[in-house]
Amino acid sequence: MSILPLLAMVGLVGCADSPPTAAPTTSPTASTESTTTGGSAKGDLGPPQGEPIQAILTDHPQVPPPTNRSQPAKVVVKLEVVEKVMPISEGVDYTFWTFGGDVPGDFIRVRQGDTVEFHLQNHPDNKMPHNIDLHAVTGPGGGAASTFTAPGHASQFTFKALNAGLYVYHCATAPVGMHIANGMYGLILVEPPEGLPPVDREYYVMQGDFYTVGKYREKGLQPFDMQKAIEENASYVLFNGSEGSLVGDKAITAKVGETVRLYVGNGGPNLVSSFHVIGEIFDKVFYEGGSFSQENVQTTLIPAGGSAIVEFRVEAPGTYVLVDHSIFRAFNKGALGMLKVEGGDDLAVYSGKEVDSVYLADKAAPGGAVATATAEQSSGTLSAPAQIAAGQALYAGTCSTCHQANGAGLEGVFPPLAASDYLNADKTRAIAVVVNGLSGPVTVNGKDYSSVMPPMSNLNDDEIANILTYVYSAWGNSGQVVQAAEVAQVRATTTAPPGAAH
Ligand SMILES: [Cu+2]
């Protein structure tokens, strides 16, 4: 049937006086034809066969192997809740509450019709009671009421996985929002009985939003901020629980010509993800983690407490960047990951330079230098070399976009920082330029510029101190050292232009 008569039918249903209960796509015939895997009524495939199976659980970004079974089984899942401090960004720590010791929690993979015996253990060192609500469960609370577990205790309940799909699980202990915001979520895949078509690579990526008392990248141990969470004013939006968890040598990988399947979840607690891979088109998206797929998708919406399965073939080598295309989240809150594809160029598909370091700014190379500088600063031993190393990492991308990697600037547009008389003459003035920006006529090394440098309001005092210390140490400059306290002083005594972030 072509789409036109179908639309006409929908129109008729809408116009008729009869109650609009049976739209074409939900009529019994339509659902039997089109959803071979769907529907809870079809999910009871009989009693479990054979010996119980211990579920293989994986940490992100890995996914357990396909179940490869043709019979329903009893599958035993043991998940331990662990509360622990881990980095949320370089030099920033956060007390996460986790299912299995990491955020997102362990990936669980079962087959439709399986009977799942679920054990939830709450580590004795924990402070909070926890439970679990699996969206794959048919039953009140998704298991939450049966699994309420105090520290040092364990609970058990059993459910039959009646519906195929990719489901979120999360803690549902009051205050629910806080438990989720602290990282208590993960994914459970219920394969259709015939399994999913084989692909070369499968990965587990899950987004979440985080709320800290300090600003984005403000160093040290950052407590949860309830008010920001209520206002949905996220400090971080992250893939796999920490900034940089899928960047550099932690990027996911594939080879040219391979097919990739991403199981993408969104734990929330608040934000909906506009999931996009820069430079790829999703050949197929099982939107909302359900049984239907859509083809040729650029960006897919993933609701909080929801998921999507995206599939694509990689045709050209390079770095593909995973983002939430609500794009400030990617470049200013951390929602950025990488897929590195190796292999020969297919110049017919794509020829030219890679996503470059200017685009990725300091996300391209998290060197650990920033963390070293932060550690030294908090122990009161911050050395100029550590500042320079951290500053160099931050300069790349942040300032180099305009002033160039070698500090030479661009004739008539961006003044040089290399051997700049303007820079070297007045340290306090240089700090003010970075904090508040600069516009209007300025003369550098005898050449006039009249342009605009926006305030670098994405940088905090430490970062500006380290960048300027690096700049002063490089390219024939004066070698002065800039302390965070000096930046704070300038910030306190000058006025930022309207619209600058603070
Ligand atoms: Cu909890």
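The legends below describe close-up views of a predicted model. Local features need pLDDT of at least 70 and side-chain atom pairs count only at pLDDT 80 or more, while totals for chains, interfaces and linings use all residues. Residues are numbered from 1 along each chain as its sequence is written, and side-chain values use heavy atoms, with hydrogens and water left out.

View 1. Thr 147 sits in the loop between β6 (133–134) and β7 (154–160); strands (E, at least two residues) and helices (H or I, at least four) are DSSP runs numbered from the N terminus. Its relative accessibility is 0%, so Thr 147 counts as buried (buried is under 20% relative accessible area, exposed over 50%, partly exposed in between; 1.4 Å probe, protein chains only). The Thr 147 side chain reaches the backbone nitrogen of Ile 132 at 3.0 Å.

**View 2. Salt bridge between Lys 160 and Asp 44.** The closest N and O atoms of this pair are 2.9 Å apart (a salt bridge is a side-chain nitrogen of Lys or Arg within 4 Å of a carboxyl oxygen of Asp or Glu). Lys 160 lies in strand β7 and Asp 44 in the loop between α2 (28–34) and β1 (53–54), so the pair ties together parts 116 residues apart in sequence. Lys 160 is partly exposed at 24%, as is Asp 44 at 46%.

**View 3. Salt bridge between Glu 117 and Lys 74.** Here the closest N and O atoms are 3.1 Å apart. Glu 117 belongs to strand β5 (residues 115–122) and Lys 74 to strand β2 (residues 74–89), so the pair ties together parts 43 residues apart in sequence. Glu 117 is buried at 13%, whereas Lys 74 is partly exposed at 27%.

Key:
A polar contact is a pair of N or O atoms within 3.5 Å; within protein, one must be able to donate a hydrogen and the other to accept it, and residues adjacent in sequence count only if both atoms are side-chain atoms.
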